[in-house]
Amino acid sequence: MSIIHNKDKSVLTAQDLIDDKYIPQTAKEALGANILSIYNRYRTSGFSKEESLAKLFPDVVLSEEVLESIVTGILSGNHLLFFGPPGSGKTLVAKSIWKLFPKEVHVVADCPVQDDPMSLVDEKFWKIAPPCPFCKNKYGNAEGIDFHPDLVDPENVPVKKITLKEGVGFARIQGSSEVFPDHLTGQINLHKLEKVGDPNNPLVLEPGKLLQANRGILVIDEIGKLPYGTQNVMLQALEEGIVTPSKSRETFPAMFFAVTTSNIEDLDNINQPLIDRFSNIYIDFPQAHYMNMSIINVNILNKKTRNGPMLIKEISSLIVEDWRKKYSTHPELEEICSNRTLSDILDRIISYSIINNGVLLPDRKDIYEGVMDALKTRIRARSIISYNESVQTLEQYLKNNMENIIAIAAKRVWCDYFTNSLKSNKEEGDNTIAEVNRIVNDTTMQEEIKQSKDKFPRIRALGEYLKNIDHMDIDSAFYGIWFAKYIKGLEEKKCD
């Protein structure tokens with residue numbers, strides 16, 4: 001919405017908003033309207049329902065069912081509580097919602113808690129979202145129950161457009177036993193009050209997290225770890241949209257959209273009246289292989305993870321998926337199967353390859369060392385004895401399963417090449433595997449491939465395909481020879 005200033009005015013006022021038919025919205029309404037607008041834009045552009053939901057949250061990989069629950073919960077005006085196992089991506093989803101929030105808003109120019117100007121001049125909106133005590137006193141010449149929008153001249157309410165950011169329309173709390181109520185409520189600074197001498201001066205207020213989030217979003221990680229007294233402060237804000245700062249006799253507006261997270265084990269620590277204020281959405285680890293691969297690729301795209309060969313991405317995903325089946329309920333090993341592990345395995349394998357060989361194409365030793373490091377660092381150590389026992393469990397697991405997982409990963413990459421590049425041509429597939437078996441242990445032949453583009457073209461074509469899908473600047477022959485070591489003896493006819 002574009003505001004046209006009167007020529008004789010240099011300051012935007014609430015009257016300008018009224019003249020421009022500005023429609024105020026609560027934080028819930030603003031978020032819901034923006035999400036619906038973006039979703040409808042995708043649908044009218046030809047994307048399916050599933051694709052449109054996924055495009056709303058490009059930084060996370062969730063099932064259509066979970067995405068539907070999130071979007072419908074927001075559109076219903078409900079605050080959200082994401083719960084699930086550690087490392088399943090709950091916090092990342094919460095932060096993704098902030099990205100969808102419309103950031104530009106009109107505020108009373110000198111308000112410490114970013115009041116909407118219409119809270120002062122629009123009776124209907126005032127009843128929904130009353131202004132703060134400072135604005136009531138300054139523009140309505142009234143305190144507490146004496147205030148009414150009829151007392152305010154819209155021409156006298158200065159307005160500015162701001163961009164919401166951390167501390168102004170967005171606040172985040174990390175749940176712990178040391179988060180006390182005044183951390184959420186804020187306080188009246190008595191030292192500043194003594195210096196200023198005016199209790200109605202906004203400078204005396206130090207807004208807490210709830211006031212910082214006013215008109216925007218509040219994210220609370222691990223809400224079940226907050227003390228009960230702090231949870232009760234949160235309950236008042238969700239129920240009444242207000243908060244009373246420490247050392248203050250007056251309430252301030254705290255109208256925000258709350259997104260919270262909790263591990264399953266902490267759910268019982270959340271006050272029942274508080275948890276009833278949320279739509280509870282379970283976020284589990286992805287079950288489908290393609291979703292775990294997507295998590296790795298999204299992290300690479302967002303530069304949170306180093307890029308690497310498709311084979312190593314497959315190994316990273318298959319290891320975590322297999323671990324989840326075997327050890328996801330083990331109290332000291334359960335965090336090994338988190339979504340973060342997916343990318344960490346890739347990172348560590350590539351890092352070992354670089355320091356050991358100076359290249360981005362790992363050998364088996366690099367793979368073993370990288371996987372072991374990534375898994376070992378996620379052991380939940382309770383004692384040195386239990387830690388050593390867990391390390392032994394890891395070592396035994398890799399001894400029993402690693403070669404099979406490497407073989408499955410190599411087969412998946414080969415079948416992708418066989419299907420997409422060779423178009424499932426069995427003769428070409430057999431000929432390629434025959435070439436692989438001839439050169440994989442023959443260093444003389446390998447040097448011939450590197451020196452001449454005419455020799456062993458199928459190995460070079462395989463390497464060219466891999467470097468293109470991996471977006472890696474590596475010689476095609478070198479890439480093909482490297483991958484050949486992992487598919488020696490493979491029978492292409494087993495590809496579906």
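Predicted model: local features only at pLDDT ≥ 70, side-chain atom pairs only at ≥ 80, totals over all residues.
# A first look: strands, a helix and salt bridges

Residues are numbered from 1 along each chain as its sequence is written, and side-chain values use heavy atoms, with hydrogens and water left out. Helices (H or I, at least four residues) and strands (E, at least two) are DSSP runs, numbered from the N terminus.

- β1 and β12 run parallel and are joined by 5 bridges (two strands pair if DSSP finds at least two bridges between them).
- β1 also pairs in the parallel sense with strand β11 (residues 257-263), again over 5 bridges, and there Phe-83 has Ser-262 as its bridge partner.

**Ile-281 up close**

- Ile-281 sits in β12, which spans residues 278-282, and counts as buried because its relative accessibility is 6%.
- Leaving out residues up to four places away in sequence, Ile-281 touches Val-66, Ser-69, Ile-70, Leu-80, Leu-81, Phe-82 and Phe-83 (contact means heavy atoms within 4.5 Å).
- Lys-494 is 213 residues from Ile-281 in sequence and 41 Å from it in space, C-alpha to C-alpha.

**Helix α3**

- Helix α3 (residues 49-56) has Ser-52, Leu-53 and Leu-56 as its buried residues.
- These residues are on the same side of α3 because they cover an arc of only 100° around the axis (the arc is that of the directions from the helix axis to the C-beta atoms).
- The buried residues of α3 pack against α2 (27-44), α4 (64-75) and α5 (90-100).

**Salt bridges**

- Side chains of opposite charge can pair when their charged atoms come close.
- The structure holds 18 salt bridges (a side-chain nitrogen of Lys or Arg within 4 Å of a carboxyl oxygen of Asp or Glu).
- One of them joins Lys-161 and Glu-104, with the closest N and O atoms 3.8 Å apart.
- That pair links distant parts of the chain, 57 residues apart: Lys-161 is in strand β3 (residues 159-163) and Glu-104 in strand β2 (residues 104-108).
- Lys-161 counts as partly exposed at 44% relative accessibility, while Glu-104 counts as exposed at 56%.
- Another salt bridge joins Asp-266 and Lys-225, with the closest N and O atoms 2.4 Å apart.
- Asp-266 lies in the loop between β11 and α13 (272-275) and Lys-225 in the loop between β8 (217-221) and α12 (228-240), so this pair ties together parts that are 41 residues apart in sequence.
- Asp-266 is buried, with a relative accessible area of 8%, whereas Lys-225 is partly exposed at 33% relative accessibility.
- Asp-344 and Arg-378 form a salt bridge too, their closest N and O atoms being 2.7 Å apart.
- Shared partners join Asp-344, Arg-348, Asp-373 and Arg-378 into one salt-bridge network.
- Both Asp-344 and Arg-378 are buried.

Note on methods:
Buried < 20%, exposed > 50% of the residue type's maximum accessible area, 1.4 Å probe, protein only.
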